[in-house]
Amino acid sequence: RKMQWKKTRIEKILVQCKQTFPWVTANRITAIRIPFALIAFACFPDFFWLALSFYAISASLDGLDGAWARANEEETEIGKIADPLIDKMSVLLLLLMFAVHGLLNVYIVGIMVCLEFLSTSVYAYSSYLGNTQGANRWGKYKKWVQDICILSTLIVFLCEIPIPVNPLLGIACALSALSSLGRWRDTKKELSHTTTQSIQQQ
């Protein structure tokens, strides 16, 4: 009950923000994450603090756009497709940069890249079949772990604190695989249900 109260309170705040800033939409919040992610990529490693700041902003906006859309009833099909694609772009750019600089294991980063391409393919296929739902819980957990891994890697680069960033990325790989399997399973169930209904109607 307490969790539900907090969620409702946040939604009310976002509705008030919408009334104050009517030109702000969920899709615009999603879109503005692109330049923030690109600036973070361009700033590393020469302008470390800028890279850290801009990625932190991009990651924060990732949580805001979905909450804004739900609170203000602005969920769109374009937003559901664009959000995970921008997630992958922002994450993979930095992971590849970290691998080049030897901050992350090249093989684990390679596995992550392959899994993200697999995830995109599964999402595209499921969307083609009509399943345009947003990320499942495994996908959300994966993005949180990816963000923690990237921010931790930036901290390791600056402070040389022994944070286990490679195991974190390994966990993100496992969650990515579970996310793809979950979406594939849900899509097959939806397709089977639709086929059964069509046969019954005939």
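Me: Before we start, what does "buried" mean for a residue here?
Reply: This is a predicted model, and the word rests on relative accessible area. A residue over 50% is exposed, and one in between is partly exposed. Buried means under 20%.

Me: So are arginine 33 and aspartate 62 buried or exposed?
Reply: Arginine 33 has a relative accessibility of 0%. Aspartate 62 has a relative accessible area of 14%. The cut-off is under 20%, so arginine 33 and aspartate 62 both count as buried.

Me: What joins the side chains of those two residues?
Reply: Arginine 33 sits in helix α2 and aspartate 62 in helix α3, 29 residues apart, so we're looking at a pair that links distant parts of the chain. Their side chains meet at 3.3 Å, N to O, and that makes a salt bridge.

Me: Which helix holds aspartate 87, the residue that forms another salt bridge with arginine 33?
Reply: The closest N and O atoms of aspartate 87 and arginine 33 are 2.2 Å apart. Aspartate 87 is buried too, with a relative accessible area of 12%. The pair links distant parts of the chain, 54 residues apart, with arginine 33 in helix α2 and aspartate 87 in helix α4.

Me: How many residues apart in sequence are lysine 143 and aspartate 62?
Reply: The side chains of lysine 143 and aspartate 62 meet in a salt bridge of 3.3 Å, N to O. Lysine 143 is buried, with a relative accessible area of 6%. It lies in helix α6 while aspartate 62 lies in helix α3, so the pair ties together parts whose separation in sequence is 81 residues.

Me: Which residues do salt bridges with shared partners join into one network?
Reply: A search of the whole structure turns up 9 salt bridges. Aspartate 62, for one, meets arginine 33 and also lysine 143. Through shared partners, one network takes in Arg33, Asp62, Asp65, Asp83, Asp87, Lys143 and Asp147.

Me: Serine 58 is in contact with which residues, leaving aside its neighbours within four places in sequence?
Reply: Serine 58 has its place in helix α3. With a relative accessible area of 3%, it's buried. Arginine 33 turns up again here, as the contacts are Arg33, Phe36 and Ala37.

Me: Let's zoom out. How many helices and strands are there in the protein chain?
Reply: From the N terminus on, the elements run α-α-α-α-α-α-α. Among contacts with a separation of 6 or more, 79% come from residues 24 or more positions apart. The tally for the chain is 7 helices and 0 strands.

Me: What share of the residues of the protein chain counts as buried?
Reply: The chain's accessible surface comes to about 12200 Å², and 66% of that belongs to carbon and sulfur atoms. The chain has 202 residues, and the buried share is 38%.

Me: Which element gives the largest share of the largest nonpolar core?
Reply: That core has 29 residues, and Leu95, Leu104, Ile150 and Leu169 touch the most other members. The elements giving two or more residues are α2 (26-43), α3 (48-71), α4 (77-100), α5, α6 (137-159) and α7. Apart from it lies another core of 10 residues, including Leu14 and Val24.

Me: Which residues is leucine 169 in contact with, beyond its neighbours within four places in sequence?
Reply: Leucine 169 is one of the core members that touch the most others. Setting those sequence neighbours aside, its contacts are Leu95, Leu104, Ile108, Val109, Met112 and Cys149.

Me: Which residues make the nonpolar surface patch?
Reply: The patch covers about 540 Å². Helices α5 (106-128) and α7 (165-201) are the elements that give two or more residues to it. Tyrosine 125, in helix α5, is partly exposed at 36% relative accessible area. The patch is made by Tyr125, Tyr128, Leu129, Trp184 and Leu191.

Notes
Residues numbered from 1 in each chain as written. Predicted model: local features only at pLDDT ≥ 70, side-chain atom pairs only at ≥ 80, totals over all residues. Heavy atoms only, no water. Patch = residues over 30% accessible without salt bridge, like charges linked within 9 Å, V, L, I, M, F, W, Y side chains within 5 Å. Areas by Shrake-Rupley, 256 points an atom, 1.4 Å probe, with all protein chains shown as cover. Salt bridge = Lys/Arg side-chain N within 4 Å of Asp/Glu carboxyl O. Helix = DSSP H or I, 4+ residues; strand = E, 2+ residues; numbered from the N terminus. Buried < 20%, exposed > 50% of the residue type's maximum accessible area, 1.4 Å probe, protein only. Core = buried A, V, L, I, M, F, W, Y, C linked by side-chain atoms within 4.5 Å. Contact = heavy atoms within 4.5 Å.
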